[in-house]
Amino acid sequence: MALRKQQPLDALQAAMRYVGSLYVSQAPTTALGIEAERSVYQADCPQDGFRVQAMLILTIGLDGYTYQEKALQILTDAQDLALEIGMNSRKFAYQHGNGSEVLEESWRRTWWEMFIVDGMIAGVHQKSSFRMKDLPADVLLPCEEKEYASGLIPQAHSIEDFDDESFDGRDFSYSSFTYRIAALRNLGKVLASLVSRQVMMPDDGAILRLDAHLVNWRLHLPESKKECISSDGQLDEMLFQAHMITEATTVLLHRELSELDSSVAKNVTSCAPHKHITPGENYNIHAAKTVQAAQDISRLITLPVPLVKHTHFFTCVVTLGSIVHLSCWSALMSFYQDDDLKQQLRLNTGALKTLWQVWPSAGKAFGQVKGVAQEIFTAKKHQAEIGFWSNFTNEEVMRNMIEDQTIMDELQLL
């Protein structure tokens, strides 16, 4: 309230109203989105950090509403403005904090949240570069969510402190936001590798080094950060996203070498263009890591928290995992794996349907995943009719087809 009296925050409020309307049925979301966009681009809108915040929030809303290209353009404009006013410098927070440690923390969070959103858009949509990973910045790291909410802001640490922590003998636990940033930095390394390498070999040293980054992220998490749910049953959303990002990054790193046929899911393009994977007959280490990561994504769905409380980017991570599940299901794996895959597909489609209550992008993804599942079921049914599964008894084939039919019936009801 004090800030509102000191300076107009019309654009920021308009962006917040727009995203908030997504959670309210019958709200005039489209009109509020148009108003928010008009506000941030109005000639008299101050060129300051609050405008950057407004553009960042608007980016998130538009991306979740399926307006990916417009969201990316607004994010790019927000980055340009942030650089112009010096938000990439650690002194910006102090100089524009008005003597408030909470506001200083807000500015640090704005920079790092923009870093997160830029990386997630590059990772899940595969249409842009992760620009912010290469921008010069020395902004200090965010504190824990509870500390920020309480207004008791501790001394901030640098990213250099975090990088040196494993070797300087200290046993220090950073904020969950920081481990989320670390997960995004690993995603940036993987995205850069995928862009620069035309042909990858299974034993490529670069792949092994990138995989080591992902494994080390998991190994060096403090005990208090290994679970997304705290001892009092509360969700740590920052930590949830950090795990989500790491599993998605694992899929992106290994799937090209997994030999898991992706052609069956070529129509699942709501989040990213189809990625052709050359199929093979061997179940290699890259396939194992890809499948495990997809399974871990499905496990995140099972956490005892309303799915709509998660970031909208979870939609595309679930979709990425679904593509892996669909590839495996179509490959006529053994029946014991087949049952696990069907349960995971149930989880994923159910999650997309639930997220659809808020985010239209989830509805688009749900329709595509559902359509591919139906195509696979039809193909497997035909193969059973012509006796393609000669290695299995008639009883096994019939039981499997009945289970598949049950899943299809459930999808029709979703």
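This is a predicted model: local features need pLDDT of at least 70, side-chain atom pairs count only at pLDDT 80 or more; totals for chains, interfaces and linings use all residues.
## Overall build

Let's start with the whole chain. The protein has 17 helices and 0 strands, so helices are what to look for as you turn the model. Of its 414 residues, 51% count as buried.

## The nonpolar core

Now look inside. The largest nonpolar core holds 113 residues, and the ones with the most contacts inside it are Trp-111, Met-114, Met-120, Met-244 and Phe-314. Helix α7 gives this core its largest share, 12 residues.

Which residues does Phe-314 touch, leaving aside its neighbours within four places in sequence? Its partners are Phe-240, Met-244, Ile-297, Leu-300, Ile-301, Leu-307 and Leu-355. Met-244, one of these partners, is also among the core residues with the most contacts.

## The largest pocket

Next comes a space that is open. The largest pocket has a volume of about 880 Å³. It is lined by 31 residues, and Leu-56, Ile-57, Ile-60, Glu-113 and Arg-180 are the closest to its centre. The elements that each give two or more residues to this lining are α2 (10-21), α4 (49-64), α7 (101-125), α8 (145-150), α10 (176-196) and α12 (237-254).

Which helix gives the largest share of the pocket lining? That is α7, with 8 residues. Sorted by class, the pocket lining has 17 nonpolar, 8 polar and 6 charged residues.

## The cavities

The model has 3 cavities of 30 Å³ or more, and the largest cavity has a volume of about 360 Å³. Of the 31 residues lining this largest cavity, Leu-252, Arg-255, Ala-272, Leu-320 and Ile-323 are the closest to its centre.

Helices α7, α12 and α14 (314-330) each give two or more residues to the cavity lining. The largest share, 7 residues, comes from α14. By class, the lining of the largest cavity has 18 nonpolar, 11 polar and 2 charged residues.

Notes: Residues are numbered from 1 along each chain as its sequence is written. Side-chain values use heavy atoms; hydrogens and water are left out. On a 1 Å grid over the protein atoms alone, a cavity is a set of points where a 1.4 Å probe fits but cannot get out, and a pocket is an open set with protein on both sides within 12 Å along at least five of seven lines; lining residues have an atom within 4 Å of a point. Grid points are joined across faces, edges and corners, and a volume is the space filled by probe spheres set on the points. Helices (H or I, at least four residues) and strands (E, at least two) are DSSP runs, numbered from the N terminus. Ala, Val, Leu, Ile, Met, Phe, Trp, Tyr, Cys and Pro count as nonpolar, Asp, Glu, Lys and Arg as charged, and the others, Gly among them, as polar. A nonpolar core is a set of buried Ala, Val, Leu, Ile, Met, Phe, Trp, Tyr and Cys residues joined through side-chain atoms within 4.5 Å. Buried means under 20% relative accessible area, exposed over 50%, partly exposed in between (1.4 Å probe, protein chains only). Contact means heavy atoms within 4.5 Å.
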